[in-house]
Amino acid sequence: MAMAYLAWRLARRSCPSSLQVTSFPVVQLHMNRTAMRASQKDFENSMNQVKLLKKDPGNEVKLKLYALYKQATEGPCNMPKPGVFDLINKAKWDAWNALGSLPKEAARQNYVDLVSSLSPSLESSSQVEPGTDRKSTGFETLVVTSEDGITKIMFNRPKKKNAINTEMYHEIMRALKAASKDDSIITVLTGNGDYYSSGNDLTNFTDIPPGGVEEKAKNNAVLLREFVGCFIDFPKPLIAVVNGPAVGISVTLLGLFDAVYASDRMVFFSLLPLQATFHTPFSHLGQSPEGCSSYTFPKIMSPAKATEMLIFGKKLTAGEACAQGLVTEVFPDSTFQKEVWTRLKAFAKLPPNALRISKEVIRKREREKLHAVNAEECNVLQGRWLSDECTNAVVNFLSRKSKL
Ligand SMILES: CCCCCCCCCCC/C=C/C(=O)SCCNC(=O)CCNC(=O)[C@H](O)C(C)(C)COP(=O)(O)OP(=O)(O)OC[C@H]1O[C@@H](n2cnc3c(N)ncnc32)[C@H](O)[C@@H]1OP(=O)(O)O
């Protein structure tokens, strides 16, 4: 801890950013569509934002920031390699050196993207989202706020990539039920931190009750059916503000939202920079589709494209998800929050009864079908959860043998 802190202090003194050990594949960065966009001014703004960080973002991020800063300002690593016992400088050198011949402009863009992905922990004044007016207490896994006619339900387990544990399933249902009755006009779901949500918390599979795994699977099928049912029946416009990658059930549910706005944010996955993605790896997990996606996705994006996602686990970028109709619009990450919340505030000024009635007209003829699909999907999943394929996938993740 002490060393980490020292490294952080040193890094902040020696440059406006910080440090990291990394090995970005240079090719990926070169090919990044947005890689050449950040101006010197964006870069300087990001450097200033780093100074406003409210909490320590962790050594991995700090080393990334340090390396990208050095690469963006000085080019490839030109320092002699520190000795093995000079731990801090060695870590910094490794991080910088790992960037190889990455062009300065690409490093600058990646620095800006990384700082922007830290935005929830920044004291930024540019955010215009609601949150300060009325904050509901009594939630452990969510932050629920209401302002300007918008109730915002924010997944709040950023350290676990907003994985949905049993408590969160219950709290989301409770928050949706409250939002359906409060005086807000529209309801928004979003995530805190760099992920929108990594889907079902795989530790949900671990605490087996006295009744055994069959009972657990049965109870969870009931829970899941009720959970998805809340989305099917939600009476007001429901909008997803997808701030980062989305996995599993957090993706499938999007087919039940009225609008989905996504950021084109780059995130780091195992130290590789990736665009935010929409991923439903059900077969990899020995599971099957839920959230009514077996019905909504083929309708939204064509049966063949839905098959690629739901059966073969193809990951879509935000841009691709938009082209397929799952996402309504993609925004540059630098302006995402501002543009989306400005738009949502305007929506929330529309006549509330007209909004509800119009939503009902659209949903009415599908509701019965959606509930039937939901019931069937939960039934099938109940069996899948008891399969060896599913058990092995979960054990592999929990023993850190596999990641998506
Ligand atoms: C007996 C029957 C019981 C059934 C109960 C079921 C209830 C309803 C089920 C509804 C059906 C839903 C299906 C789905 O949603 S399928 C999708 C499930 N999600 C995943 O498979 C994602 C797994 N996570 C990952 O692959 C990676 O974590 C990820 C790519 C998301 C991020 O990688 P990265 O390297 O950037 O970060 P870390 O892996 O280090 O993650 C940070 C910490 O967060 C924890 N984490 C992340 N995601 C999950 C998750 N889904 N479940 C549990 N924990 C998660 C991760 O372990 C790290 O924690 P630690 O810091 O403590 O190690």
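Is Lys 236 buried or exposed? Keep in mind that this is a predicted model. Lys 236 counts as buried, because its relative accessibility is 2% and the cut-off for buried is under 20%.

So who is its partner? The side chain of Lys 236 meets Asp 182 in a salt bridge, at 3.0 Å from N to O. Asp 182 sits in the loop between α7 and β4, and Lys 236 in the loop between α8 and β5, so the pair ties together parts that are 54 residues apart in sequence. Asp 182 itself is partly exposed, at 25% relative accessible area.

Lys 161 bridges to Asp 194, with the closest N and O atoms 3.2 Å apart. Lys 161 is in the loop between β3 and α7, Asp 194 in the loop between β4 and α8, so this bridge ties together parts 33 residues apart in sequence. Lys 161 is partly exposed, at 32% relative accessibility.

Next, a bridge within one helix. Lys 70 pairs with Glu 74, and their closest N and O atoms are 2.9 Å apart. Both are in helix α4, residues 59–74; they are 4 residues apart, which means about one helical turn between them. Lys 70 is buried, with 14% relative accessible area. Glu 74 is partly exposed, at 37%.

How many salt bridges does the structure hold? The count is 14. There is also a network, linking Asp 233, Glu 360 and Arg 367.

On to the cores. Nonpolar side chains tend to be buried together in soluble globular proteins. Here the largest nonpolar core has 58 residues. Four phenylalanines touch the most other members: Phe 227, Phe 231, Phe 257 and Phe 278. Which helix gives the most to this core? Helix α8, residues 212–233, with 9 residues. A second, separate core has 22 residues, among them Val 50, Ala 72, Leu 99 and Val 115.

Last, the helix pair. Helix α10, residues 293–301, packs on helix α14, residues 352–385. The angle is about 125 degrees, and the axes are 9 Å apart. That makes α10 oblique to α14. From α10, the contact includes Tyr 295 and Lys 299; from α14, it includes Glu 366, Leu 370 and Val 373. The contact residues divide into 3 nonpolar, 3 polar and 4 charged.

That's the tour. Over to you.

Methods:
Residues numbered from 1 in each chain as written. Predicted model: local features only at pLDDT ≥ 70, side-chain atom pairs only at ≥ 80, totals over all residues. Heavy atoms only, no water. Core = buried A, V, L, I, M, F, W, Y, C linked by side-chain atoms within 4.5 Å. Buried < 20%, exposed > 50% of the residue type's maximum accessible area, 1.4 Å probe, protein only. Helix = DSSP H or I, 4+ residues; strand = E, 2+ residues; numbered from the N terminus. Axes fitted to C-alpha atoms, helices over the stretch in contact; angles between N-to-C directions. Parallel < 35°, antiparallel > 145°, perpendicular 65-115°, else oblique. Contact = heavy atoms within 4.5 Å. Nonpolar A, V, L, I, M, F, W, Y, C, P; charged D, E, K, R; others polar. Salt bridge = Lys/Arg side-chain N within 4 Å of Asp/Glu carboxyl O.
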